[in-house]
Amino acid sequence: MARLMLSATLGAALTAFATLPPPASADDAQIARGQYLVTLAGCSDCHTPGALLGSPDMKRYLGGSDVGFQIPGAGIFVGQNLTPDKETGIGSWSSDQIVAAMRTGKTPDGRTLSPVMPWPALSHLTDEDAQAIAAFLKSIPAVDHKNAGPIGPNEKATVFVSVTLPADAYNAMQAAKK
Ligand code: HEC
């Protein structure tokens, strides 16, 4: 009898458990942390089309910018597609490769990213936070968008360009407008 009651209680407990929502997995928490860090670090400003022009195209979130930053003598650097698209994004990169690019500027093809990409600041990310960002980037929808860059100093620009000018050159442009 005691045994019967016990199994009835256990059965009720199991039924109650089965109707509870599944507990959030560690991955969900890691991805949420990554999303929070990506938002704070402003990755979208330089990696979502339209963002630097005042209206980010959220359907192509982190799908690559349409504005390049010109560094005199070095070229024009464009925030790349960070979505898991295998052809145009970083879908074929491992989490460790994403972490290395963020913290050391080194990409899997051996290039060192321009410091326009703020990897010197991001080098301070802890392992846990850097892996959380990588996990979030792997969780977002893939966007098929091949964006330009880097564009060499003698190549033709194919994007909007944010240019660094000496004050004299800038002032001369303003004067020409008058
Ligand atoms: C101020 C603009 C800016 C911000 C903010 C920024 N990036 Fe970048 N990022 C760039 C530019 C520009 C490049 C390309 C640099 C180059 O080609 O040398 C780049 C390249 C990258 C790359 C290499 C992609 C590839 O295909 O080569 C990764 C990964 C990356 N950024 C991740 C991030 C993440 C994650 C954040 C936020 C934590 C972030 N970036 C914030 C501008 C930015």
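## Basis

The model is predicted, with local features needing pLDDT of at least 70 and side-chain atom pairs counting only at pLDDT 80 or more, while totals for chains, interfaces and linings use all residues. Residues are numbered from 1 along each chain as its sequence is written, and side-chain values use heavy atoms, with hydrogens and water left out.

## Ligand shell

The ligand is surrounded by 22 residues, each having a heavy atom within 4 Å of it; the closest are Cys43, Cys46, His47, Arg111 and Met117. By class, the shell holds 15 nonpolar residues, six polar and one charged, where Cys and Met count as nonpolar and Arg as charged.

Helix H3 (43-47) and strand S2 (75-78) each contribute at least two shell residues, and H3 gives the most, with three; helices here are DSSP runs (H or I) of at least four residues and strands (E) of at least two.

## Polar contacts

Under a limit of 3.5 Å between N or O atoms, the side chain of His47 places an N or O atom 2.8 Å from a ligand nitrogen. A ligand oxygen lies 2.7 Å from a polar side-chain atom of Arg111, and a backbone N or O atom of Ser114 is 2.8 Å from an oxygen atom of the ligand.

## Cysteines

Zero disulfides are counted, a disulfide being a pair of cysteine sulfur atoms within 2.5 Å.

Conventions
A polar contact is a pair of N or O atoms within 3.5 Å; within protein, one must be able to donate a hydrogen and the other to accept it, and residues adjacent in sequence count only if both atoms are side-chain atoms.
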